[in-house]
Structure formats: C-alpha cells, structure tokens
Amino acid sequence: MTADELRSTILRHLEYSVGKDLAHATLRDIRVALSLAVRDRIVQPWFTSTRRTYAGRAKRVYYLSMEFLIGRLLEDAIVNLGLLEAAGAAIAGLGHDFARVLADEPDAALGNGGLGRLAACFLDSLATLAVPAMGYGIRYEHGLFQQHFEDGAQVEEPEEWLRQAHVWEFERPEAAFRIGFGGEVREEGARALWTPDDAVVAQAHDTPVTGWQGRWTNTLRLWGAQAVRGFDLARFNRGDYAGAAAGEALARTISRVLYPDDSNGQGRELRLRQEYFFTAASLRDILRRFRSEYGDNLAELPRRAAIQLNDTHPAIAGAELVRLLVDEEGLAFEPAVELARGCLGYTNHTLMPEALERWDEGLLGRLLPRHLQLIERIDEWHARAHPGRRVAIRAHGGVGMGELAFIMAHRVNGVSALHTGLMKETVFAELHRLHPDRIVNETNGVTPRRWLVSANPGLSALISEAIGSGWEDDLERLAGLEARTREPAFLDAFAAAKRANKAAVASWIALTHGLAVDPAAMFDVQIKRIHEYKRQHLNILETVALWQAMRDAPGAGWTPRVKIFAGKAAPGYVMAKAIIRLVNDVARVINADRVTGDLLKVIYPANYNVTMAELLVPAADLSEQISTAGTEASGTGNMKFALNGALTIGTFDGANIEIAERVGAENFFRFGMTAAEVAARRALPGHAGAAIAASPPLARALAAIEAGVFSPGEPDRHHGVTRNLREHDYFLVGSDFDAYWQAQRRIDAAFRDPGTWMRRAALNTARTGWFSSDRTIRGYMADVWGVAPLG
C-alpha cells in the first residue's frame, strides 16, 4: 500500500467514520482515522484465516488469561503489516507529526505484569506462526489502576482507557452468554439441576491480532459484564433514580477492575466471580463453536480444542467443563472428566504456595454450589485412582486451585528450567510423584516484533544492515551478529543506537520530572511489578549505601549512575506500597544533593505500562533481575533487556540461569545464594540480624533510613520496612546484600571500559535469539497442544 493510497483511506475515514474534515480534525481524530485505515488492512486476512481454519477442520488453541497486557495497538499493527514508511509519509502529508499521532493512543489497561505481557507475546507469536487460536479474557473498563504519587506514596485512580471508543474492537451481540451464581442444586435422577439465583450476561468484544507481515490473523475475545435486566424504568418513575440503575451497575462491577483488593470478603468474592465469569463464558463459546463443526461428537473435543489455563485464575475450568459435559450434554461423570483433561493444559507461574489460589469452601459453595459438588467428586475420583496419596484439592476448609488445575490438566508446564525443576520438588512434589510424566518445561520468550522492531528501530536497522532481514520471525539468526562484534565500526554503530535511546529517555525525564540526567551515565533499570520477592528494597538500600560512600569520597572516581525504578503495587499490598514510598523519599533527597549531583540520580516515573517499557528497555545499560533465588518463575523483562543490549545483574533465579548460559557467564553479573542456599539460610534462627551485623554498608544505610534522613519530621515513616528486614527478612535482602554490593562495584569498573562493555552488550543481543516467544509457542505446539500451523 502506498502512502497516497493510505492517505486517501485516512481521509475517507476522517470524513465518514469520524465526521470531521481535515481543517477541523484534532490529533485524536487523525489517530482514529489512521487506526481505522490500518484496521481495514487486517480485516480481510482475519476473515481468510478464519475460513481456512474451518475449511481445514484444524485444531484450535484457546488461551484463557486474566490479563492481556497488549499496550498500544496502532504502531504494532503498522509494523506487522509493513506500513511504517507509508503511514509516516501519509500522516506527514496531512500536516501532522507521526510520532505524536502514535503517542495519542492510550495503552489498553488489560493487565499488570509479566503474566499479561506473556499472554500478549503469545498472541503475537501464534498469529506469526499461523496457528489457529483465540485469546479469552475480561474487557476491564478501568484496568488495574492509574498510579500517581502524593508525598511519595502510591495513590490509585481508575484507568480511563475506554473513555474514548476502542477502535480496534468489534462488539459481537450474537456472542453473549448468561452466567449464573449462587442458588441451589437439585438432583433429578442421575443428573443435577443447578438453578442460580443471580446472573449476568457475558458480552463478547473481538480484537483482531495480526502476525508478522499480516500473513495470519487471530482473535482476542474479551468479555464485558452486563445486567440480565438493565435499567428499571418502574423504579425510576417512582423517583428511585439510583436504584433504577443499581442492577446494571452491579453487573458491570465484574468487568470494571483487574485484581480488586481482596483483603476483605467483598473483594475476594468479586475476584471469584470474575474468574468464573470469563472462564464459563469462554468454555461455552468453545463448545458452541465445536458443535457448529462437529455436532454431538463430543469424543472429538480433545482433538479439536486445546484449552490453556494461564495460571490458576481460570482453574475453575476443570469443574466447569465437567459440569457442561455432565449436566448439559448428558455425559457420565468419568468420561466427562477424561474429555476435559484431554483438552486442558495448565501453566504454573509461581513457586510460592500462598500465591496458588485457595478459595474458602464456604464462599465457593455459596457462589458456585454445583462446582463444589463436582470438585468433591473429582477429588474422590483422583483419590480412588491413587490410594495413599498425600495431597487433596479440598483441605482445611479450602479448595486448592493449583491442585485442581494440575489434576484436571493432561500437561502442566513450568516457564523456566529452574522453575519446572522446583515445581517437581516443592509445590507439586506429591502430584509429580503420582503423575511423573505430566510436568514439562516451556521457557518463556518475548516477541521481537514488539520488543525490538517497534521498541528499538535504531538497533533493528543496524541488525538488518549486518545480517539482512528475516530475523524478525527467525530470531536465532541473531547469532550471525557475533562475528560482527569484533569489528570496531559495528560496535561504534551499536553504541550510537544505545546512545540515541538514552538521549531520548534523558529528554523524557527532563520533560516529566524536571531533572537533568547525563546520557553518558550508566542507566541502571529495575521496572516490574512491586513485590518483596522481586526485591526493589535491596536495590534502594544499595543505592543509599552507594550515595553514602560517594558523599564520603566524592572524588574517588565513581561511575555515574541513573537509577530508574518503575512499577505498581497491588492496592492491598502494604509492604510493597511502603517500598515505593521509600524509593521516592530516597530519590527526593539524593536528587537534591549537590555533592553527588553529577554522580547519582534516582527516578521513579508513575504509572508504568507497556509504552513506558518500550521507552526504557532499549535505553538500559544494566538490567536488575535480583529476585530471591527460587521465587521468580521465569521473568520476561530479563529477556527484553538482554535482547536490547543490556547486561544483567541477577541472581540464579527463573530464566536468569538460561540467559547466563547463553550469553556467557562473563557477560552476566551473577550474585547471591542459590535456591538451595536460600532454603538453608531461612532455617537459621536470627539470620536477619546476623546479616545486618556482618555488613557495615547495610547497617549504615538502615540506620540512615531509621533516623529520618529521607523522611525529615517523620523518622518512623519507614520503620515497617526496616523492622521487617531486621526481624524477619523472609526474602533474604540482608543475606544477599554484600554480594550485591560487590557485584555492583564490579559493574562500575566494567562500565569504565566502554569498548569492552559495548562488545559485551552486543553479545547479549547476538546470543539471546533463543528467547523468542515463537520458540516458546513451538514448544507448546509439540509438547502440550498437539497442533500444527496452517501457514
């Protein structure tokens, strides 16, 4: 498509879809018209892909996830369709700045962290590989939340991404399902009749997801909740205006917010409602589609539908699919269980038992009474098959969704080699003993189309110049760069691309924070969900200790650093929010210090999202992957940074191990205990206090925080954080501190040799092609789903 052809289509949409002429069009109007013009180029391949799937009677993949962190879609679609130059020229020809038009699009607020971003990468790869697939989730009106800071503390406001029409989606009124809750169950012969006393309607909204070069297009179907009976005119006419809309408002609550605060009973009930709502709607939709092709031949279901559960949020699928097959399709219980197991796969994302969802039996029985009955039968069926087992789905008044997902899945996968091994030894040790062939590993990956082609066009152009095109959907071709890393001219060009990205971030920091940072300084970045196990507090404690050392000897030849933190804490997670406030308080003091002003800056931009990551990742020199060993399942941020030429400081946790193996130990700054050493250290009484006593830099940093150096007038503001570190320190910040400090000083020395540093950075890019989500999806296709591409 030429620029002139695209410009004509934009003008047509501006006039007939937006209702404006060019002279009066706003920036938003131009962006919407461009989006619709690009969307037009996706629709026909979308139809073609769907027709080919039906014609080939192909097995489909259905990916159920509470999150799809898809970010902005306009540039992604333009890049995948090969329209970047044409779109830029078309918009310039209309008198508008292309970059500003792209930046006008709000991020889709459909996720929070790595779980949702992984799901989005998988959708991209499934389409690129021409695998018939559909993603299923919730159309959150207000996302997680919009974050801002008041006196350093996180404040949550609703995301308003749907205040404007979402131009990429198509509402499907014909795809709507009534989803029930509560009520009672009556036995009618061999069958049970569940009569809910409450219900909402799940309404489908479809977004096409196109792969590289537009060769195949799949669907992301998101469910919005609506009232069965909307506006109550009789109550309105009686003057009860609020009551007239109450039912509609209550139903919409289900799809308003991602991860509502579950520190209270109402929040926990809403979370369970959300999980059942989207899972039940998705399964009904899957069965509807299956029956349209294969009629009553339900024995074919496992050969036609691969249903992947992304973590335990959709784990109720095991019971719901059995319910549909038994209560609505008339199958006997055990054949229904076997059919359901043949369809379901489960991806585990955590090694922490407290993160494996466990619902109170009373709540689950009140909200989903038939499902509690079926879960009991599934548990009994499994117990009969495995006498003497030492694990159960129902235990101690709770229902374990991890155990349910494992038992009801034919494959269970971890997301890194370490994580998969530890699953077998810890959270699922007994189930692995009973089912030794069920657990497989599928190490995570990231899509290079989003995280290199779109996010880092300067480096992408250099790669294509060095090894040619084609690497975008065959990322292991990056290995061809390794020979070039010995050439000074290539390394100069690599350094220039990094320098340009850092200059862009420096300009953004100046604009958003009013703070001048030097692009020549080391950009040291930790951007991810805020959690104690990810140890942002280890990072900020080392920052305080570094600042103190710099003040002691400002002329000692320090390596200048810009420390960048970003991420959100769950609204009810008190300690994570306390860590955020500590980081902001430390930043305020350090950034105002004239002694260290040229040596150290700390930045914490609010409201981290995909778009911010696309800015920060390409500019990073150092990637902070410092979770306590044995806690991070995989990580994907670590892959994005390495792919974009950042060196990693990391523990041997999650996929860090595989990254270090591939880039070489000399290009990865490892520190800290192993998972086995972590377990041993936790068992030592008094380990927290002993670690502080043994580390003068840590003790001094903690003393400064407790003395109110960073919170003048309120010295006890951060005592919750420091008390935890002194008395408990479950995530072993103190025990790993000295090793972290020493690794950071090795990094200082290495960065002072820019030529060697840049070659190590380039080798990270050259050696991380294996971490493509295309490779991960091929693994699922072979090991879990049994599907083949149609491309």
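These questions and answers go through the overall build of a predicted model.

Student: What radius of gyration does the protein chain have, and why does that value agree with a compact globule?
Tutor: The chain has 791 residues. For that number, a compact globule would have a radius of gyration near 28 Å, so the value for the chain agrees with the rule. The radius of gyration of the protein chain is 27 Å.

Student: How many helices and strands does the protein chain have?
Tutor: Both kinds of element occur in the secondary structure of the chain. The count comes to 33 helices and 22 strands.

Student: Is Cys121 buried or exposed?
Tutor: A residue counts as buried under 20% relative accessible area. Cys121 has a relative accessible area of 1%, which is under that cut-off, so Cys121 is buried.

Student: Which class does Cys343 fall in, buried or exposed?
Tutor: The relative accessibility of Cys343 is 2%. The cut-off for buried is under 20%, therefore Cys343 counts as buried.

Student: How many disulfides does a search of the whole structure find?
Tutor: A disulfide needs a pair of cysteine sulfur atoms within 2.5 Å. For the whole structure, the number found is zero.

Student: What share of the residues of the protein chain count as buried?
Tutor: The share is taken over the 791 residues of the chain. Residues under 20% relative accessible area count. The buried share is 62%.

How values were computed
Residues are numbered from 1 along each chain as its sequence is written. This is a predicted model: local features need pLDDT of at least 70, side-chain atom pairs count only at pLDDT 80 or more; totals for chains, interfaces and linings use all residues. Side-chain values use heavy atoms; hydrogens and water are left out. Helices (H or I, at least four residues) and strands (E, at least two) are DSSP runs, numbered from the N terminus. The radius of gyration is taken over C-alpha atoms; the globule rule is 2.2 Å times the number of residues to the power 0.38. Buried means under 20% relative accessible area, exposed over 50%, partly exposed in between (1.4 Å probe, protein chains only).
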